[in-house]
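This report covers the salt bridges, nonpolar cores and pockets of one protein model. Please look over the sequence and structure first.

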Amino acid sequence: MEDKPGNVCIEQERFQLRRLEISDNKKGFIELLQQLTACESVSDKDFEERYQELAKLGDEHVICVIEDRHSGKIVASGSVFIERKFIRNCGKVGHIEDVVVDSSIRGMQLGKKIVGFLTDHARSMGCYKVILDCSLENKPFYEKCGYKQKEVQMVKYFI
């Protein structure tokens, strides 16, 4: 299998870190997200529509995945979107979201690879910082990735 420019191979070519592709719908991407949070099944049509919508945002919203070349399944994922601000001299902030590694292969440093890729992307986009929210149980993992706790997260759900 040949690599596309910008793809990163890890673990002796077993795992490929790359951007989400439309074919990943058939490789367990939604099932992986279901390990993270409530995520209903997504029809092929809805997946394609959302994929095309996000693709139009280009580098402003990136979803990366790690594919296990042995199984052909998506085993890790995360996303980053870029917020444009007026503060900090019209600066930009990266927001990392939805980081998940398949429960059957956690501990192989794949989450660290995902977070590193997303962090590097935010830096390359000129962001002055990148932020994320996580549970208290995941705080040590993100600290190992170079993040530190700052302030408190608040949320209001509409559904």
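## Salt bridges

D59 is partly exposed, with a relative accessible area of 36%; buried means under 20% relative accessible area, exposed over 50%, and partly exposed in between (1.4 Å probe, protein chains only). The model is predicted, so local features need pLDDT of at least 70 and side-chain atom pairs count only at pLDDT 80 or more, while totals for chains, interfaces and linings use all residues. Residues are numbered from 1 along each chain as its sequence is written, and side-chain values use heavy atoms, with hydrogens and water left out.

D59 pairs with R19 in a salt bridge, with 2.5 Å between the closest N and O atoms. A salt bridge here is a side-chain nitrogen of Lys or Arg within 4 Å of a carboxyl oxygen of Asp or Glu. Because D59 sits in the loop between α2 and β3 and R19 in strand β2, the pair ties together parts 40 residues apart in sequence. Helices (H or I, at least four residues) and strands (E, at least two) are DSSP runs, numbered from the N terminus. R19 is also partly exposed, at 37% relative accessibility.

The structure holds 15 salt bridges. In one of them, the side chains of E67 and R18 meet at 2.7 Å, N to O. E67 belongs to strand β3 and R18 to strand β2, and the two are 49 residues apart. E67 is buried, with a relative accessible area of 5%, and R18 is buried at 2%. E151 forms a salt bridge with K150, the closest N and O atoms being 3.1 Å apart; both E151 and K150 are exposed. Through shared partners, salt bridges join R18, E21, D24, K27 and E67 into one network.

## Nonpolar cores

A nonpolar core is a set of buried Ala, Val, Leu, Ile, Met, Phe, Trp, Tyr and Cys residues joined through side-chain atoms within 4.5 Å. The largest has 24 residues, of which I66, I96, V99, L110, I114 and L118 touch the most other members. At least two residues of this core come from each of β2 (15-19), β3, β4, β5 and α4. The most, six residues, come from α4.

I114 touches L17, C64, V65, I66, A76, S77, G78 and V99, not counting residues up to four places away in sequence; contact means heavy atoms within 4.5 Å. A second, separate core has eleven residues, including F29, L32, I63 and V65.

## Pockets

On a 1 Å grid over the protein atoms alone, a pocket is an open set of points where a 1.4 Å probe fits, with protein on both sides within 12 Å along at least five of seven lines; lining residues have an atom within 4 Å of a point. A volume is the space filled by probe spheres set on the points.

The largest pocket has a volume of about 1,700 Å³. Its lining counts 48 residues, of which L36, T37, E97, D98 and V99 lie nearest the centre. Two or more lining residues come from each of α1 (29-33), α2 (44-55), β3 (61-68), β4 (73-84), β5 (92-101), α4 (110-124) and α5 (139-144). The largest share, six residues, is from β5.

The second largest pocket has a volume of about 900 Å³. Its lining has 27 residues, and I131, L132, K148, Q149 and K150 lie nearest its centre. β5, β6 (129-132) and α5 each give two or more residues to this lining.
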